[in-house]
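These are my notebook entries on a structure that I had not examined before. I set down below what I looked up, entry by entry.

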Amino acid sequence: ALLSRASRTTDPQDEELDVLDADGVPTGRRKRRGDVHRDGDWHAALHIWVGGVDDRGQAFVLFQRRSDTKDTWPGALDVAIGGHFRAGETLEDAAREGEEEIGLRVPAGCLIRLGRRVAGGTTPPDNEMQEVFALRSDRPLDAYRLHPDEVDAVVRLPLDDALALFEGLIVTAQGFTRSRGRTACRPVAVAVDDFAAGARDGYAARALR
């Protein structure tokens, strides 16, 4: 299944990634993204949780809906900004993902470090050492510019409701979404199963806390 998705994905399979060991230490080897995913190699990734306060004073958290052409978790909701560290990249380099994916410039000095998440053991294998950060942005949904291949929509949920969802206190959370190519926002209800990995293992709740 992974090979068939890789053959039709819009993700750049030839970009080089640094291969890490199981402790997150660079091995000195570089491999193509497609080969890293195929072989289940450990590699570095970036997660930036974006939240803010709306014009009514309500705290919210922003998510992206991954395109159906992504090579991992196609169509799933995910952290607002995420991507790989390409070979040799610094945090400042990797933060380009914010502007590329949702049109949000991310100065590295504005990021708040939350820690590192070891995310592995999925099927098919996608073994990542995720550097996790938070960023405040009070932008309305219609201010984001979505990548034409990677991001299908942005979704905004009230922070308290998102926490309740990930902590199992509610079944669905109500929010708003805007799809790529549209300016209008519409109501949306989301469940834990709509999200990529991390929604059920406590990661999302810990990050939001």
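**Entry 1**

I began with Asp161, which counts as partly exposed at 30% relative accessibility. On this scale, buried means under 20% relative accessible area, exposed over 50%, and partly exposed in between, with a 1.4 Å probe and protein chains only. I note that this is a predicted model, in which local features need pLDDT of at least 70 and side-chain atom pairs count only at pLDDT 80 or more, while totals for chains, interfaces and linings use all residues. Residues are numbered from 1 along each chain as its sequence is written, and side-chain values use heavy atoms, with hydrogens and water left out.

Asp161 lies in helix α5. Helices (H or I, at least four residues) and strands (E, at least two) are DSSP runs, numbered from the N terminus. I then listed what Asp161 touches, not counting residues up to four places away in sequence: Ile170, Ala173 and Gln174. Contact here means heavy atoms within 4.5 Å. I also compared Asp161 with Gly202: the two are 41 residues apart in sequence and 15 Å apart in space, C-alpha to C-alpha.

Which residues of helix α5 (residues 159–166) are buried? I found Ala162, Leu163, Ala164, Leu165 and Phe166. The cover over these buried residues includes β4, β9, β10, β11 (186–191) and α6. After α5 comes Gly168, which has a positive phi near 80°.

I turned next to strand β9 (residues 151–158). Seven of its eight residues are buried, so β9 is largely enclosed by the rest of the structure.

I looked up the pairing of β9, where two strands pair if DSSP finds at least two bridges between them. With strand β4 (residues 59–66), β9 pairs in the antiparallel sense over seven bridges. With strand β10 (residues 172–179), β9 is joined by four bridges, and these two also run antiparallel.

**Entry 1: His47**

Is His47 buried or exposed? I recorded His47 as buried, with a relative accessible area of 8%. His47 lies in strand β3. The side chains of His47 and Tyr203 are joined by a polar contact of 2.8 Å. A polar contact is a pair of N or O atoms within 3.5 Å; within protein, one must be able to donate a hydrogen and the other to accept it, and residues adjacent in sequence count only if both atoms are side-chain atoms. Leaving aside neighbours within four places in sequence, the contacts of His47 include Val79, Ile81, Arg117, Gln130 and Phe133.

**Entry 2: the pockets**

On a 1 Å grid over the protein atoms alone, a cavity is a set of points where a 1.4 Å probe fits but cannot get out, and a pocket is an open set with protein on both sides within 12 Å along at least five of seven lines; lining residues have an atom within 4 Å of a point. Grid points are joined across faces, edges and corners, and a volume is the space filled by probe spheres set on the points.

The largest pocket has a volume of about 540 Å³. Of its 34 lining residues, Arg66, Thr72, Asp78, Asp126 and Glu128 lie nearest the centre. Helix α4 (96–102) gives the most to this lining, with four residues. By class, I recorded nine nonpolar, 10 polar and 15 charged residues in the lining of the largest pocket. Ala, Val, Leu, Ile, Met, Phe, Trp, Tyr, Cys and Pro count as nonpolar, Asp, Glu, Lys and Arg as charged, and the others, Gly among them, as polar.

The second largest pocket holds about 240 Å³ of space. It is lined by 15 residues, and Trp49, Val50, Gly51, Ala134 and Leu208 are the closest to its centre. Strand β3 supplies the largest share of this lining, four residues. The lining of the second largest pocket divides into 12 nonpolar, two polar and one charged.

**Entry 3: the cavity**

How many cavities of 30 Å³ or more does a search of the whole structure find? I found one. The largest cavity has a volume of about 80 Å³. Among its 13 lining residues, Trp49, Asp78, Phe195, Ala196 and Ala197 lie nearest the centre. β5 and α6 are the elements that give two or more residues to this lining, and β5 gives the most, with three. The lining of the largest cavity has 11 nonpolar, one polar and one charged residues.
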